[in-house]
Number of protein chains: 2
Amino acid sequence: MTGCLTIVGLGPGNDALLTPRASEALATATDLVGYAPYVARIAERPGQRRHASDNRQEIERAREALRLAAAGAAVAVVSSGDPGVFAMAAAVFEAIEHGEPAWRTLEVEVVPGISAMFAAAARLGAPLGHDFCALSLSDNLKPWDVVLQRLTAAASAGFVIALYNPISRARPWQLGAALDCLRRILPPTTPIAFARAISQPDERVVITDLQRAVPETADMSTLVLIGSAHTRQIERPSGEPWLYTPRSLEAKP
Amino acid sequence: MTGCLTIVGLGPGNDALLTPRASEALATATDLVGYAPYVARIAERPGQRRHASDNRQEIERAREALRLAAAGAAVAVVSSGDPGVFAMAAAVFEAIEHGEPAWRTLEVEVVPGISAMFAAAARLGAPLGHDFCALSLSDNLKPWDVVLQRLTAAASAGFVIALYNPISRARPWQLGAALDCLRRILPPTTPIAFARAISQPDERVVITDLQRAVPETADMSTLVLIGSAHTRQIERPSGEPWLYTPRSLEAKP
């Protein structure tokens with residue numbers, strides 16, 4: 001008996017942003033596998049087994065999911081945002097490549113989700129309206145000099161930058177060093193937004209600029225958006241300004 | 001009387017990937033505004049007005065939507081994929097910045113959607129599992145030398161690249177030139193995927209590599225994914241290989 005494995009993007013947290021395909025995959029799974037806070041977001045269903053695990057156990061979690069599926073279960077591996085963006089999809093395929101040959105015969109589906117950076121961008125206006133990149137600031141999975149090299153390349157070439165994993169207890173200084181690196185490349189007035197837990201009850205948005213940005217504004221649930229030299233701020237009579245990056249380079253006044 | 005303007009991401013095309021918030025915004029709008037093929041995707045509703053326009057009319061379309069909203073309508077501007085990614089959200093904010101001061105008092109909501117690159121990545125495996133960027137290959141909105149500069153910067157720094165707007169009748173040679181540029185930087189075996197109309201009935205996926213890729217494989221509805229030197233292909237006993245980019249730089253064998 002062979003089961004199936006679905007890697008489901010839960011989106012930013014609000015059910016209004018969860019796709020029907022993701023809802024269906026969660027409803028029909030016999031087993032849910034994921035990081036405990038993400039599994040906890042999902043309503044319990046009678047007979048459905050829940051396998052919640054700790055942070056930074058991605059490969060072991062992926063192997064557990066693959067073993068369950070190979071034994072016949074309909075497994076849903078859950079991930080926040082989009083599962084293909086610094087999340088469980090890559091961990092599952094890595095486990096498959098280096099694991100049991102039989103795992104390559106499994107039916108595997110990745111269900112995309114609304115990523116943190118698109119939820120943040122939508123909340124702010126359209127800061128990703130021109131070329132952009134997504135970069136994880138974590139140096140657990142790559143050397144710090146590669147992070148700096150990529151930041152430098154992206155900012156110098158005019159990409160807007162979405163920074164994932166900006167800060168954690170184990171990585172307290174990296175965001176400050178990244179901002180210092182960017183200050184050597186981008187104008188001091190470059191817009192920066194800290195977007196935390198977008199679409200959830202504890203959502204928080206801080207819009208500032210490169211000269212005033214401080215790393216303490218971010219926590220583990222924050223996405224940091226770094227504008228390009230062309231990113232614009234639209235002031236409003238009331239409410240927060242909107243941020244957007246013009247589609248055209250010529251549109252800069 | 002003041003209306004509201006919602007910029008709605010329709011996702012890649014399949015209703016199973018349309019968020020509940022997007023469905024709701026489409027159902028409650030008095031007026032739909034958008035590029036004709038996207039408006040045509042939406043079921044007609046009695047009393048709802050449809051304003052379909054031609055391609056490359058983004059700013060005029062945005063102004064029309066803003067005028068309708070300012071006159072009291074509940075306007076939904078529709079965009080394929082995510083409206084913040086090379087789509088209508090940036091056009092609307094550009095129109096606001098340079099338009100009527102009253103437009104800054106409008107209630108504007110951006111509803112994120114599943115972008116073409118995440119739909120493509122999910123279909124292929126997890127090619128965006130490490131740092132990546134999104135780049136429009138169109139030189140209508142920026143000079144061609146900027147496109148080449150950004151391609152070079154992104155590929156040299158190890159980003160996976162999602163190429164939007166790879167080719168059109170008016171831009172027939174740019175994708176070939178981009179592939180030539182990338183051949184000077186990346187190994188010939190770098191995986192490349194052409195992902196067309198993902199999730200729709202006429203979906204087509206071609207997986208190849210940099211030495212064999214030809215621009216004719218792409219059309220206007222194709223997203224081209226360029227791997228990094230670390231992107232891996234997992235062969236399977238039957239069916240297409242999976243593509244993924246390991247989360248860790250050290251994971252390369």
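Biologist: Which residues of α3(B) meet α4(B)?

Modeller: In this predicted model, B:E58, B:I59, B:R61, B:A62, B:R63 and B:L66 of α3(B) meet B:M88, B:A91, B:V92, B:E94, B:A95 and B:I96 of α4(B) (contact means heavy atoms within 4.5 Å). These residues divide into 8 nonpolar, no polar and 4 charged (Ala, Val, Leu, Ile, Met, Phe, Trp, Tyr, Cys and Pro are nonpolar; Asp, Glu, Lys and Arg charged; the others, Gly among them, polar).

Biologist: At what angle do α3 and α4 of chain B pack?

Modeller: Two packed helices are described by the angle between their axes and the distance between the axes. Here, helix α3 (residues 58–70) and helix α4 (residues 88–97) of chain B pack at about 65 degrees, with axes 8 Å apart (axes are fitted to C-alpha atoms over the stretch in contact, with angles from 0 to 180 degrees between N-to-C directions; helices are DSSP runs of H or I, at least four residues, and strands runs of E, at least two, numbered from the N terminus). α3(B) and α4(B) are therefore roughly perpendicular (65 to 115 degrees).

Biologist: And how far apart are the axes of α3 and α4 in chain A?

Modeller: In chain A, the axes of α3 and α4 are 8 Å apart, at an angle of about 65 degrees. That makes α3(A) roughly perpendicular to α4(A). A:E58, A:I59 and A:L66 of α3(A) are among the residues in this contact, as are A:M88, A:A91 and A:I96 of α4(A). By class, the contact of α3(A) with α4(A) has 8 nonpolar, no polar and 4 charged residues.

Biologist: Which residues of helix α1 of chain B are buried?

Modeller: An α-helix has 3.6 residues a turn, so residues three or four places apart point the same way. In helix α1 (residues 20–28) of chain B, the buried residues are B:R21, B:A22, B:A25 and B:L26 (under 20% relative accessible area, 1.4 Å probe, protein chains only). They cover an arc of only 135 degrees around the axis, which puts them on the same side of α1(B) (taken from the directions from the axis to the C-beta atoms). Their cover includes strands β1 (4–9), β2 (31–35), β4 (74–79) and β5 (107–111) of chain B.

Biologist: Which residue other than glycine has a phi near 85 degrees?

Modeller: That is A:S199, with a positive phi. A:S199 sits in the loop between β9 (191–196) and β10 (204–209) of chain A, and is buried, with a relative accessible area of 18%. B:F86 also has a positive phi, of about 50 degrees, although it is not a glycine. The place of B:F86 is the loop between β4 and α4 of chain B.

Biologist: How are the labels and values set?

Modeller: Residues are numbered from 1 along each chain as its sequence is written, and chains are lettered from A and ligands numbered from 1 in the order written. Local features need pLDDT of at least 70 and side-chain atom pairs 80 or more, while totals for chains, interfaces and linings use all residues; side-chain values use heavy atoms, leaving out hydrogens and water.

Methods. Buried < 20%, exposed > 50% of the residue type's maximum accessible area, 1.4 Å probe, protein only. Parallel < 35°, antiparallel > 145°, perpendicular 65-115°, else oblique.
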